Amino acid sequence: AGQNIKIQTDFLGVVDPKVISVFPNDKSESSEYSKITIVFNRPMVPLTTLDKLKDKDIPIEITPATAGKYKWITTRNLQFIPEKRLQRSSRYRVNIKSGFISMDGLTVAPITHEFNTRPLRYENDQAQKETALYNKPIRIVFNQPIDLERTSKELTVKQSSGEDNQFIAMYGSRSVYDADAKKYNIFIDKSILEIYNKADRYGRERLWDFNTTYNFTLRQAFPIEGDINLTDSRSGAITTRDIISGLSAESPRSRYVEQDLFDPEGKLWAEFVEDIDKDSSQIVAANLKEIGYGEKCKEPGDGEEVRYGEDCQKVTDFKKIYLTFDPGGLKRGQQIQINFKKIYNKSGLQINAEPILKTITLYNDLVIYKIVPPEGGADGDLTQMKVCTSNPLQVPDEKSFYDRVKSNVTVGLW
């Protein structure tokens, strides 16, 4: 009876139920296709009732309001599954209110959780100075649709002189190939901003002036949904080219010909910035004989071997035309003015509002400017003689060399 009796037992203290995690993570950036998952530290529902859930019994408020449903994926994990997706460029707030009660009958303390969905960004790198066609827009591509009305108000276009330039801003388009119909379908793409000149100097809508530089700045952009704006500015410049991008010459008698040293028995080549319709165009010049298209290597299709050079398959090059002349009546050193009065592209648009004038010069009479060593000179080079002339000289072959070159000493082909 006098013995001391010690009674001992172990017990486990129960931690109050609480939310231990919410995904996407707090203050993080997440895809708009994410699901919102809430993890508790204690079982909240019995296994037998996982599929028996009424959204009206869930004390959670999600802003911005998003259509979807809740589902217990385990006894401790509750998930919100959007009907389509979360809103893009949005600051999401998940307010877990009072009302959650664990299996033990204990209440869960309310918490608030925040994260952002993928914000509006530029899709490509910072724009640089680019060369553009007169009828092509400036394109700014984003990673998601933009609010065109609000974004276009943040846009300025100026000429290189600093003068404001009126413009038209619109959504771009994209093409999607339909394998069944075997054709491309064109769709409006609201993630592409296209900027056109309102009108060129001749009043033609959506055309840039030729050989002109335009600078543009977009101060900020607004998403079509959500409240996270793109505050990074984007600047760049485009320079339009001349209609005729280059003139070159060709001769069957010499490879040393050009615009200012033209052989009337050869061809003058004019290269344009786009395909043209030579038959609808009007080109006038003295003794003009023929106008024709050039040729180029056919672009290979998918899976075809790439072949360039003389042995490639040739197709018509509508960007390049040649002009030939009737040599009769033309004089050496004569200048010929070529008047490109009207140039039409393949779409039927006259691309020059006023005539384009180019001048070629026929080669002059042959003049020998200098001979080295000079006549009567001493201490000359015994191995060579140089002749400087106004025109390129044709190198004689072995048969014609001694008919062309006469000397009182033995000389050979150089």
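This is a predicted model: local features need pLDDT of at least 70, side-chain atom pairs count only at pLDDT 80 or more; totals for chains, interfaces and linings use all residues.

Reader: Ok, so is Ser 89 buried or exposed?

Author: Ser 89 has 0% relative accessibility, so it counts as buried. Its backbone is worth a look too: phi is positive, about 45°, although Ser 89 is not a glycine.

Reader: And where does Ser 89 sit?

Author: Ser 89 is in the loop between strand 6 (77–82) and strand 7.

Reader: What about the phi of Lys 27?

Author: Lys 27 also isn't a glycine, and its phi is positive, near 65°. You'll find Lys 27 in the loop between strand 1 and strand 2. Its relative accessible area is 62%, so Lys 27 is exposed.

Reader: While we're on backbone, which peptide bond is cis around Pro 24?

Author: The one from Phe 23 to Pro 24, where omega is near 0°. Pro 24 belongs to the loop between strand 1 (19–23) and strand 2. Another cis peptide bond runs from Thr 63 to Pro 64, again with omega near 0°. Pro 64 is placed in the loop between strand 4 (60–63) and strand 5 (68–72).

Reader: Switching topic: how many disulfides does the structure hold?

Author: One. The disulfide joins Cys 297 to Cys 312, with an S to S distance of 2.0 Å.

Reader: Left-handed or right-handed?

Author: Left-handed, because the torsion about the S-S bond of Cys 297 and Cys 312 is about -80°.

Reader: What parts does the pair tie together?

Author: Cys 297 lies in strand 19 (residues 288–297), and Cys 312 is in the loop between strand 19 and strand 20 (314–325), so the pair ties together parts that are 15 residues apart in sequence. Cys 297 has 15% relative accessibility and counts as buried. Cys 312 counts as buried as well, at 8%.

Reader: And Cys 388? What's its relative accessible area?

Author: 37%, so Cys 388 is partly exposed.

Reader: Now charges. How many salt bridges does a search of the whole structure find?

Author: The search finds 20. One of them is between the side chains of Arg 121 and Glu 29, at 2.7 Å from N to O. That pair links distant parts of the chain, 92 residues apart: Arg 121 is in the loop between strand 8 (111–117) and strand 9 (129–132), while Glu 29 is in strand 2 (residues 29–30).

Reader: How accessible are those two?

Author: Arg 121 is partly exposed at 37% relative accessible area, and Glu 29 is partly exposed at 45%.

Reader: What else does Arg 121 contact?

Author: Its backbone nitrogen lies 2.9 Å from a polar atom of the side chain of Asn 143. Asn 143 is in the loop between strand 10 (138–141) and helix 1 (148–152). At 17% relative accessibility, Asn 143 counts as buried.

Reader: Which residue forms a salt bridge with Glu 114?

Author: Arg 93, with the closest N and O atoms 2.7 Å apart. Glu 114 is in strand 8 and Arg 93 in strand 7 (residues 91–96), so the pair ties together parts that are 21 residues apart in sequence.

Reader: And Asp 365, which partner does that form a salt bridge with?

Author: Arg 332, where the closest N and O atoms are 3.3 Å apart. Asp 365 lies in the loop between strand 22 (356–361) and strand 23 (368–372), and Arg 332 in the loop between strand 20 and strand 21 (335–342), so the pair ties together parts that are 33 residues apart in sequence. Asp 365 is partly exposed at 48%, whereas Arg 332 is exposed at 54%.

Reader: Which residues are linked in a network of salt bridges?

Author: Glu 32, Arg 85, Arg 88, Arg 118 and Glu 225 are linked that way.

Technical notes
Residues are numbered from 1 along each chain as its sequence is written. Side-chain values use heavy atoms; hydrogens and water are left out. A disulfide is a pair of cysteine sulfur atoms within 2.5 Å. Helices (H or I, at least four residues) and strands (E, at least two) are DSSP runs, numbered from the N terminus. Buried means under 20% relative accessible area, exposed over 50%, partly exposed in between (1.4 Å probe, protein chains only). A salt bridge is a side-chain nitrogen of Lys or Arg within 4 Å of a carboxyl oxygen of Asp or Glu. A polar contact is a pair of N or O atoms within 3.5 Å; within protein, one must be able to donate a hydrogen and the other to accept it, and residues adjacent in sequence count only if both atoms are side-chain atoms.
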